[in-house]
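These are my notebook entries on a structure that I had not looked at before. I wanted to record how its parts are arranged, one topic at a time.

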Amino acid sequence: MEAEVTFRVDGTSHRLTVDVRTTVLDALRERLGNTSAKKGCDHGQCGACTVLLDGQRVNSCLALAVAHDGAEIVTAAGLASDGELHPLQRAFIRHDAFQCGYCTPGQIVSAVGMLREAEAGWPSAVTAGQPADGGSGGSDGPTVGILTDDEVRERMSGNLCRCAAYANIVPAIQEVAR
Ligand code: FES
């Protein structure tokens with residue numbers, strides 16, 4: 001059984017006919033040729049497939065395309081703007097926060113989502129009394145205060161790195177959060 005769905009992916013609208021069992025990940029990769037989101041486990045365990053779906057970070061391997069008709073999808077490939085990498089992309093490069101790179105698009109998209117969640121005010125995200133500096137130090141990313149190592153590790157626990165680059169991923173995210 002098939003159905004028509006419409007997505008806006010990284011700013012471009014697409015209309016396609018999909019089998020109703022098609023996931024958002026497979027629609028992106030196999031139908032739209034957008035291979036930014038990676039297929040690791042295909043079972044919601046690794047986070048390599050993370051995209052922003054209507055602003056929320058989700059494992060796209062678990063999301064059925066037909067359940068998200070009309071959705072706005074952002075992949076790591078759509079984070080740059082005006083020819084400039086997203087602050088998190090730049091921070092990952094500065095901190096050498098990857099080895100093989102397979103999990104990196106999912107890590108970065110998940111971190112973007114996490115920082116938005118922090119901005120929206122999860123209770124423990126912003127250290128009391130820490131003013132957001134609004135981009136001083138070269139960052140024009142979200143301003144959510146200081147995130148501890150434990151906060152970042154917990155909130156990013158859905159994104160696995162088999163190379164174990166966590167020691168560099170955590171400070172890269174913290175740098176943008178400041
Ligand atoms: Fe989706 Fe692993 S491929 S969570």
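**Entry 1, a helix on the sheet.** I began with helix α3 (residues 104-119), which lies across β3 and β4 and runs at about 35° to β3. Helices (H or I, at least four residues) and strands (E, at least two) are DSSP runs, numbered from the N terminus. Axes are lines fitted to C-alpha atoms, for helices over the stretch in contact, and angles run from 0 to 180 degrees between N-to-C directions.

**Entry 2, the basis.** I noted that this is a predicted model, in which local features need pLDDT of at least 70 and side-chain atom pairs count only at pLDDT 80 or more, while totals for chains, interfaces and linings use all residues. Residues are numbered from 1 along each chain as its sequence is written.

In which order do the five strands of the open sheet stand? I found β2-β1-β5-β3-β4, with mixed pairing, where two strands pair if DSSP finds at least two bridges between them. β2 and β4 stand at the edges with a single partner strand each, so one side of each is left without a neighbour in the sheet. On average, direction ignored, neighbouring strands of this sheet are turned by 40° against each other. Helix α1 (residues 24-31) lies across β1, β2, β3 and β5 (72-74), and I noted that α1 runs at about 110° to β2.

Strand β1 (residues 2-9) and strand β2 (residues 12-19) run antiparallel and are joined by eight bridges; Arg 8 stands opposite Ser 13 in β2. The hairpin of β1 and β2 has two residues between the strands, and there Asp 10 takes a positive phi near 50°. I then turned to β3 and β4, which run antiparallel with four bridges between them. Here Val 51 stands opposite Val 58 in β4, and Leu 53 stands opposite Gln 56 in β4. The hairpin of β3 and β4 has two residues between the strands, and in it Asp 54 takes a positive phi near 50°.

The domain assignment, which is automatic or from a database, gives domain 1 (2-78) and domain 2 (87-177). The contact takes 14 residues from domain 1 and twelve residues from domain 2. Which element gives the most to the side of domain 1 that touches domain 2? I found that it is β3, with three residues.

I looked up helix α2 (residues 87-94) and helix α5 (residues 166-177), which pack at an angle of about 140° with their axes 9 Å apart. That makes α2 oblique to α5, since angles under 35 degrees count as roughly parallel, over 145 as roughly antiparallel, 65 to 115 as roughly perpendicular and the rest as oblique. The contact is made by Pro 87, Leu 88, Ala 91 and Phe 92 of α2 with Ala 172, Ile 173, Glu 175 and Val 176 of α5. I also noted that α2 and α3 pack at about 130°, with their axes 10 Å apart, and are therefore oblique to each other. In this contact, Leu 88, Gln 89 and Phe 92 in α2 meet Thr 104, Ile 108, Ala 111 and Val 112 in α3.

Definitions and conventions:
Contact = placed C-beta atoms within 7 Å.
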